[in-house]
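Please keep the sequence and the structure in view while reading.

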Amino acid sequence: MDCQIRWWFKYGLKVPDPATANMALGRAVHSALGGNFAQKVDTREDLPIEGVVALFRDAWADEQEQTEFRDEEDPKELAVTGEALVTKYMDQIAPTIDPAAVEIHVYGEISGVRVRGWIDLLDVEGRVIDIKTAKARPSSIELMHKFQVATYAHVLPGASGQGRVDTLVKTKTPQVISQSFHITSEEMKVAETLYPAAQQAMRQQRYVPNRLSMMCSRRNCSYWRHCEREWGGEVPES
Ligand code: SF4
């Protein structure tokens, strides 16, 4: 839904998709916090913060090997940023989360279209919690998050239609912004209409680049060279 050509490069043409530094940092933070919540499902206790930072270091070491860094990106500086973000989240937010399940593979059917996905975190109240990293404070909830939560509410028994996005902001002093929302019946309808429309476009192989996407930049999309070569124009730096 975000960029059809990006999907086509990845899944249709199977062009290798080396992680950008932003993706790698986000994945390493996810992995460390996910490790904490996975054990908390059973123990009901968070790990000590230093333990979660150690999980981040291991994950970052793995991510670095597969990441295409841009010249001005320093993996050591990014590691310091990642550790600060993990520490902030563990200190401020993790103790308030009561996890029911972590990294859940969900699948089902919406308007005749088979869909599947992964939920990072579901709490005991059926709320889907998504943790992401960003360089600036979010001003509103991205439609993509609402769409994801509407999808899960359709296919996962126990998902309440409540969602929350916790954004770890990579400012000099790290911040965490929590935004809660509830999926309305109108928003449920969006998933019911968009999946068949997307399926139809895929079957007709009608793929168009979305240079207006918030994720369209050389820092966020590893296909930018392919995209410029094929479609012309210039993908923005960030
Ligand atoms: S560079 Fe932008 S338009 Fe091109 S594939 Fe990536 S996200 Fe899509």
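How many nonpolar, polar and charged residues does the shell around the ligand have? The model is a predicted one, and in it the shell has 10 nonpolar, two polar and two charged residues. The ligand is surrounded by 14 residues, and the closest of these are C3, P209, C216, C221 and C227. Two helices take part in the shell: α1, which spans 4-12, and α7, which spans 224-231, each supply at least two of its residues.

The sheet may be considered next. Five strands form an open sheet in the order β1-β2-β3-β4-β5, and their pairing is mixed. The edges are held by β1 and β5 (175-182); each has a single partner strand, so one side of each is left without a neighbour in the sheet. On average, neighbouring strands of this sheet are turned by 35° against each other, direction ignored. As background, strands of a sheet pair through backbone hydrogen bonds, either parallel or antiparallel.

Strand β1 comprises residues 99-110 and strand β2 residues 113-123; the two run antiparallel and are joined by 10 bridges. P99 stands opposite D123 of β2, while I110 has V113 of β2 as its bridge partner. The hairpin of β1 and β2 has two residues between the strands, and within this hairpin S111 takes a positive phi near 50°.

L122 has its bridge partner, V128, in β3. Here the hairpin has four residues between the strands, and G126 takes a positive phi near 80°. Further along the sheet, strand β4 (residues 162-169) runs antiparallel to β5, and eight bridges join the two.

Helix α6 lies across β1 and β2 and runs at about 130° to β2. Helix α6 covers residues 185-203, 19 residues in number, and reaches 28 Å from its first C-alpha to its last, close to the 27 Å expected at 1.5 Å a residue. After α6 comes Q205, whose phi is positive, near 50°.

A pair of packed helices remains. Two packed helices are described by the angle between their axes and the distance between the axes. For helix α3 (residues 49-65) and helix α4 (residues 75-92), the axes come within 9 Å and cross at roughly 145°. The crossing of α3 with α4 is right-handed. On the α3 side, the contact is made by I49, V52, V53, F56, W60 and Q64; these meet P75, A79, G82, E83, V86, T87, M90 and D91 in α4. By class, this contact has nine nonpolar, three polar and two charged residues. An α-helix has 3.6 residues a turn, so residues three or four places apart point the same way.

Definitions and conventions. Residues numbered from 1 in each chain as written. Predicted model: local features only at pLDDT ≥ 70, side-chain atom pairs only at ≥ 80, totals over all residues. Near = placed C-beta within 6 Å. Nonpolar A, V, L, I, M, F, W, Y, C, P; charged D, E, K, R; others polar. Pairing = 2+ DSSP bridges. Axes fitted to C-alpha atoms, helices over the stretch in contact; angles between N-to-C directions. Left-handed = near helix turned anticlockwise from the far one by under 90°. Contact = placed C-beta atoms within 7 Å. Expected span 1.5 Å × (residues − 1).
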